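Subject: Structure handover

Hello,

Below is the structure I said I would pass on.

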Amino acid sequence: MAYSQSYQEQLNAASNTAKQVINREKNIAISSARPDLSDECLALQSAKIADIDISHASESKGLGAFSTQPIKSGTFLGEYSGETMSLSEVNARFWKKREPDVADKSWAESRKRRSQSITGSYIFSLDEETFVCAEDADQSSWTRFMNHAPEETHDCNVRPFMQTTIGGEIHSYPRFFAIRDIDVGEELQYNYGNLFYGEGETTDHERSS
């Protein structure tokens, strides 16, 4: 499950395909936009590369990510990648705390043309001023499909770590590791953090490590 050069090359190719889709969207009428989660999107392509099954989890959860092979505790699973946004952008695009400017409106139109939702439920805080949003399936990895499980339960089998160093490289995006042995067919789930569920000082939909 760990990243290899071959995996990274495939992921880069998938990312290039998704970028081509985004570039094409200006010439696509709203009525003929791609449906959500088409085979072209980076999120599903990365799942295929990582050998992760994206299937229906439950009526309340929707889709989820499932293991297709045994996973040992400590295995690196993937990175929470997506659009990097400033606090100002998040305030305007999701939290309605600032009036959208021209760039924000263009961003929203791009999402709508490509049938990508704008819920704000896929935001992960990197620090107080920077966030990564994985809601756009054309610009995110399969980790966006992992659902929430309470920290002290058996269902919580994955954990995100920030500022990890692998191979001498420092990674600022959240990187997910198995925190116990995982059997074939188990759903991969982690604790989203208090902020996402409004248990902290704010009810903003923000995933935190």
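I will start with a single residue. S115 is partly exposed, because its relative accessibility is 26%; here buried means under 20% relative accessible area, exposed means over 50%, and partly exposed is in between, with a 1.4 Å probe and protein chains only. S115 sits in the loop between α4 and β5. Its phi is positive, about 55°, although S115 is not a glycine.

Before the rest, a note on how to read the model. It is a predicted model, so local features need pLDDT of at least 70 and side-chain atom pairs count only at pLDDT 80 or more, while totals for chains, interfaces and linings use all residues. Residues are numbered from 1 along each chain as its sequence is written, and side-chain values use heavy atoms, with hydrogens and water left out.

Confidence

pLDDT is the predictor's confidence in each residue, from 0 to 100. The protein has a mean pLDDT of 81, and 73% of its residues reach 70 or more. Over residues 17-35 the pLDDT stays under 50, and the model has 28 contacts for them beyond four places in sequence; a contact means heavy atoms within 4.5 Å. Residues 197-205 also have pLDDT below 50, and this stretch has 18 contacts in the model beyond near neighbours in sequence.

The whole protein

The protein has four helices and 12 strands. Helices (H or I, at least four residues) and strands (E, at least two) are DSSP runs, numbered from the N terminus. Of the 209 residues in the protein, 47% are buried. The accessible surface comes to about 10600 Å², and carbon and sulfur atoms account for 48% of that. These areas come from the Shrake-Rupley method with a 1.4 Å probe; for residues, only the protein chains shown count as cover. Taking contacts between residues at least 6 apart in sequence, 66% join residues at least 24 apart.

Helix α2

Is S46 buried or exposed? S46 is buried, because its relative accessible area is 0%. This residue is found in helix α2, which covers residues 42-50. Its side chain reaches the backbone oxygen of A43 at 2.9 Å. For reference, a polar contact is a pair of N or O atoms within 3.5 Å; within protein, one must be able to donate a hydrogen and the other to accept it, and residues adjacent in sequence count only if both atoms are side-chain atoms.

Seven of the nine residues of α2 are buried, so the helix is largely enclosed by the rest of the structure. The buried residues are L42, A43, L44, Q45, S46, A47 and A50. After α2 comes D51, which has a positive phi near 60°.

The loop with K96

K96 lies in the loop between α3 (87-93) and α4 (102-113). K96 counts as exposed, because its relative accessibility is 68%. Its phi is positive as well, about 55°, although K96 is not a glycine.

The sheet β4-β6-β5

Three strands form an open sheet in the order β4-β6-β5, with antiparallel pairing. β4 (83-86) and β5 (123-125) are at the edges with a single partner strand each, so one side of each has no neighbour in the sheet. Neighbouring strands here are turned by 30° against each other on average, direction ignored. Two strands pair if DSSP finds at least two bridges between them. Four bridges join β4 to β6, and M85 has F131 in β6 as its bridge partner. β5 is joined to β6 (residues 130-133) by three bridges, with I123 opposite C133. β5 and β6 form a hairpin, and four residues lie between them.

The sheet β3-β11-β8

Another open sheet of three strands has the order β3-β11-β8, again with antiparallel pairing. Which strands are at its edges? They are β3 (76-79) and β8 (158-161), each of which pairs on one side only. From one strand to the next, the twist averages 25°. Axes are lines fitted to C-alpha atoms, for helices over the stretch in contact, and angles run from 0 to 180 degrees between N-to-C directions. β8 and β11 (residues 175-178) run antiparallel and are joined by four bridges. R159 stands opposite F177 in β11.

Regards
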